Amino acid sequence: MQKIINFLIRYKTFLLYIFLLLIAFVFTFQSHSYHQSKFLNSANYISGSIYQLSTNSTSYFDLREENESLLKENEILRRRLYNKQSSEIPIIDSTITYTVITGQVVKNSYANQRNYVTINKGRADSITQDMGVITDKGILGIVEGTSNSFASVQSILNDKSRINAKIKNSNHFGSLIWDTKSYTTVQLIDIPRLAPLSIGDTILTGASSSIFPENIPIGTISKFDLDSSKSFYFIDVALFNDMTNIKNVYIIKNLNREEIENLELETKTDD
Amino acid sequence: MISSSFFINLLRFTLLVLVQTLVFNRLNFFGFINPLVYILFIYWYPIKENRTTFLITSFLLGFCVDIFSDTLAINAAATVTIAYFRPVLMRFVFGVNYEFQSFKLNSSTKAQQFTFLALLIVIHHITYFTLEIFSFTNSLLILQKTLTIGLATLILCLLFISLFSSRKE
């Protein structure tokens with residue numbers, strides 16, 4: 001017993017070091033699985049408020065550009081509205097599948113392997129995990145953790161990110177991943193070899209995702225090649241979004257998501 | 001027990017975390033260079049302090065930066081590593097001098113200070129990027145990032161040191 005205590009006292013710094021390192025490793029590796037642990041993100045009260053404060057003071061510098069981009073988006077939407085051929089019957093509430101909430105980015109990163117964006121909407125604005133986040137140009141990511149008034153969004157520039165995507169005007173779909181090399185391109189994999197492709201084709205979100213609505217723009221094909229198995233394409237996609245300059249975002253909630261997930265769970269357990 | 005050095009360290013801690021997260025994490029020089037200047041805390045921390053508190057403080061420092069920059073606990077692991085190896089490095093760089101009561105960082109030569117800082121940065125960055133990238137097939141990327149970002153950190157740290165050095169001449 002005496003020896004054990006002596007040992008502990010003698011090596012107490014080393015043991016403390018190992019202990020602290022172990023804690024850090026546990027935090028790091030447990031969240032390598034799908035969801036980041038709940039409290040280890042910048043969406044908590046303190047860091048969220050500090051980022052909000054800093055955004056409040058810096059956002060004045062690009063108000064003019066922001067206004068212009070919002071006006072441009074309005075212009076497109078209005079043109080689409082006025083050119084609608086038939087005056088449709090107003091949609092009845094029970095058939096609405098998606099609701100949209102607006103928010104602003106308070107913290108953005110794109111230089112790491114796993115990038116997260118923090119936005120200024122949280123549980124109080126009915127934001128929950130697994131809601132899609134887009135901008136006026138294209139998709140941004142998926143909500144991963146929320147606090148009362150902030151949410152942390154897993155950006156598409158994250159090596160854990162996998163988003164269902166397809167090629168415009170065809171129904172070949174694959175997964176969107178990121179090889180962590182450049183913040184202007186992401187990769188689309190698992191598109192079968194027989195799909196007709198050409199450089200410049202548009203990539204959209206696919207239909208088999210319960211997070212994003214179908215046909216949200218992502219980017220255009222900048223390069224494609226067959227992968228090592230020679231039966232699937234490996235496609236580089238140039239993003240529409242400038243990931244370094246994001247301000248206003250839309251958070252999309254799929255009202256049918258729970259039903260879809262339950263159904264998928266049921267069919268899975270039947271097998 | 002609460003002395004002026006406690007408050008200086010507390011102030012340094014808070015300011016370094018804020019400067020790191022609000023300024024240097026957004027730098028993105030050449031698209032990916034974000035210097036990690038907060039490790040100046042380890043460089044400046046008093047030498048004769050209790051090692052246990054030093055380790056715990058460094059862990060907390062790394063952890064605070066982690067929470068702000070959404071990097072899980074990578075910064076914490078890297079920071080606690082250099083905090084643990086600091087005495088070894090000091091003995092290596094400053095020789096037996098470091099054991100004396102009267103030893104101060106300012107009294108050592110510029111070359112010694114530089115080597116000490118550079119070694120801290122190299123160990124920190126290698127641990128950090130190994131954990132961040134976490135695959136040995138990308139070891140070239142780890143080295144490349146350590147080198148480029150480490151150089152940026154070194155330059156900025158040297159600037160900070162010369163800016164805040166308390167020289168009484």
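At what angle do H2(A) and helix H3 (residues 51-69) of chain B pack, and how far apart are their axes? They pack at about 10°, with the axes 10 Å apart. Let's start there and then walk through each chain.

## About the model

This is a predicted model, in which local features need pLDDT of at least 70 and side-chain atom pairs count only at pLDDT 80 or more, while totals for chains, interfaces and linings use all residues. Residues are numbered from 1 along each chain as its sequence is written, and chains are lettered from A and ligands numbered from 1 in the order in which they are written.

## Where the chains meet

Two packed helices are described by the angle between their axes and the distance between the axes. Here the axes are lines fitted to C-alpha atoms, for helices over the stretch in contact, and angles run from 0 to 180 degrees between N-to-C directions. H2(A) and H3(B) are therefore roughly parallel to each other; angles under 35 degrees count as roughly parallel, over 145 as roughly antiparallel, 65 to 115 as roughly perpendicular and the rest as oblique. The helices themselves (H or I, at least four residues) and the strands (E, at least two) are DSSP runs, numbered from the N terminus. From H2(A), the residues A:Thr13, A:Leu16, A:Tyr17 and A:Leu20 meet B:Arg51, B:Thr52, B:Leu55 and B:Phe59 of H3(B), where a contact means that the C-beta atoms, placed from the backbone, lie within 7 Å. By class, five of the residues in this helix pair are nonpolar, two are polar and one is charged. For these classes, Ala, Val, Leu, Ile, Met, Phe, Trp, Tyr, Cys and Pro count as nonpolar, Asp, Glu, Lys and Arg as charged, and the others, Gly among them, as polar.

Now for the whole contact between the chains: 23 residues of chain A and 26 residues of chain B take part. On the side of chain A that touches chain B, helix H2 (12-30) and helix H3 (45-58) of chain A each supply at least two residues. The largest share of that side, nine residues, comes from H2(A).

## Chain B, helix by helix

Chain B has six helices and zero strands, giving the pattern α-α-α-α-α-α along the sequence. For its 169 residues, a compact globule would have a radius of gyration near 15 Å, and the 16 Å of chain B agrees with this; the radius is taken over C-alpha atoms, and the globule rule is 2.2 Å times the number of residues to the power 0.38. The C-alpha trace of chain B spans about 45 × 30 × 30 Å along its principal axes. In chain B, 40% of the 169 residues count as buried, a label that asks for 20 or more other C-beta atoms within 10 Å of a residue's own, with exposed for 12 or fewer, partly exposed in between, and C-beta atoms placed from the backbone. Among contacts in chain B between residues at least 6 apart in sequence, 61% join residues at least 24 apart.

One helix pair inside this chain deserves a look. The axes of helix H4 (residues 74-94) and helix H5 (residues 110-133) of chain B come within 9 Å and cross at roughly 150°, so H4(B) and H5(B) are roughly antiparallel to each other. Residues of H4(B) in this contact include B:Ile82, B:Phe85 and B:Leu89, and those of H5(B) include B:Phe116, B:Leu120 and B:Ile123. The contact of H4(B) with H5(B) divides into 15 nonpolar, seven polar and one charged residues.

Chain A comes to five helices and 12 strands. The C-alpha trace of chain A spans about 90 × 50 × 40 Å along its principal axes, and 32% of the 271 residues of chain A count as buried.

A:Ser126, in the loop between strand E2 (114-119) and strand E3 (132-134) of chain A, has a positive phi of about 55° although it is not a glycine. A:Ser126 counts as partly exposed, with 13 C-beta neighbours inside 10 Å. A:Asn169, in the loop between strand E6 (163-167) and strand E7 (173-177) of chain A, is not a glycine either, yet has a positive phi of about 65°. A:Asn169 is exposed, with 9 other C-beta atoms within 10 Å.

A:Asp201 lies in the loop between strand E8 (185-192) and strand E9 (202-205) of chain A. With 18 other C-beta atoms within 10 Å, A:Asp201 is partly exposed. Not counting residues up to four places away in sequence, A:Asp201 touches A:Ile167, A:Lys168, A:Thr220 and A:Ile221.

Terms used: Contact = placed C-beta atoms within 7 Å.
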